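Okay, thanks for coming, everyone. Let me put the structure up, and then I'll talk through a few spots in it.

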Amino acid sequence: MVHIFNKPWVGVILCRQQLGPHPGLVVQQKYLDAIVAAGAVPVPLVHQLGEDEQALAAMLARLDGIVLTGSYSNMEPHHYGETGEEPHTDAGRDRLSLQLIAAAQTMKLPLFGICRGFQEMVVASGGRLHRRLHETGLFAEHRENKELPLEMQYAPAHDIQPVAGGLLAQLAGEGVQQVNSLHMQGVKALGPGVRMEATAPDGLVEAISLPDHPFALGVQWHPEWHSRDNALSRALFDGLVAACRDHARAREAV
């Protein structure tokens, strides 16, 4: 529904993080800032929703869109057919994100996945991930230099080429764009349920969408960083919020 002051509600997934002696569920402020700046209200989606089908359905009925954020954690590899341990996992987030993606597809609820969220969309659609891009010998370096100031870590790192006629090209144009790069994992194979939206110069898939959906976009980079200062980032968040408003109006008209 379109809420007070015509601002849609956008659900934002949280991440497990240890806060001193206590486990916590957190989201970095930059994602909230980007959503608010684009004209929507962020709503936290706690992991417990993934364990309560009725509560999750009740929450989804009140939302106008979903954002799957980036994270310091990685998906557990069994979700995409691999074995062995993976450091820095978040099983509660995995469980909830996969349910949210499935619900977004069924409900045609606008969905925007960023970095880990992009990878969750890839896996939910039957794809697979490289767990260590830098060890494959196939790609350029996509990790950030953590010794640099944040402004430099999030600076443009490489080009992407949007696919002509895709959702990303509709939002930002078909010309080459520059994006930041702060990830260790990446797409190994896409499943049958996705459409490639952009690639990096080394061939790595940088964006996908879900077909037969008005707005379900995933990007490997971080558009939430100073989102209003970058034309591509503004286009992505403005496109998301516009889709959320459209979804709300269509639902209210039923």
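So, Glu82: this one is buried, because its relative accessible area is 18% and the cut-off for buried is under 20%. Keep in mind that we're looking at a predicted model. What does Glu82 pair with? It forms a salt bridge with Arg128, and the closest N and O atoms are 3.6 Å apart. That pair links distant parts of the chain: Arg128 sits in strand 7, residues 128–130, while Glu82 is in the loop between strand 5 (65–68) and helix 3 (91–107), and the two are 46 residues apart. Arg128, for its part, has 34% relative accessibility, so it counts as partly exposed.

Next pair. Glu86 makes a salt bridge with Arg131, with 2.9 Å between the closest N and O atoms. Glu86 is in the loop between strand 5 and helix 3, and Arg131 is in the loop between strand 7 and helix 5 (150–153), so here too parts that are 45 residues apart in sequence get tied together. Buried or exposed, these two? Both Glu86 and Arg131 are buried.

Then there's Glu141 with Arg143, whose side chains meet in a salt bridge at 2.9 Å, N to O. Glu141 is partly exposed at 47% relative accessible area, and Arg143 is partly exposed as well, at 36%. The salt bridges in the model come to 15.

Okay, helices. Helix 3 packs against helix 4, residues 116–124, at an angle of about 65°, and their axes are 10 Å apart. That makes the two roughly perpendicular, because the range for that label is 65 to 115 degrees. The crossing of helix 3 and helix 4 is right-handed.

Last stop, helix 7, residues 231–253. At the start of helix 7, a side-chain oxygen of Asn230 comes to within 3.0 Å of the backbone nitrogen of Leu232.

Okay, over to you for questions.

Key: Residues numbered from 1 in each chain as written. Predicted model: local features only at pLDDT ≥ 70, side-chain atom pairs only at ≥ 80, totals over all residues. Heavy atoms only, no water. Polar contact = N/O pair within 3.5 Å; in protein donor to acceptor, adjacent residues only side chain to side chain. Helix = DSSP H or I, 4+ residues; strand = E, 2+ residues; numbered from the N terminus. Salt bridge = Lys/Arg side-chain N within 4 Å of Asp/Glu carboxyl O. Buried < 20%, exposed > 50% of the residue type's maximum accessible area, 1.4 Å probe, protein only. Axes fitted to C-alpha atoms, helices over the stretch in contact; angles between N-to-C directions. Parallel < 35°, antiparallel > 145°, perpendicular 65-115°, else oblique. Left-handed = near helix turned anticlockwise from the far one by under 90°.
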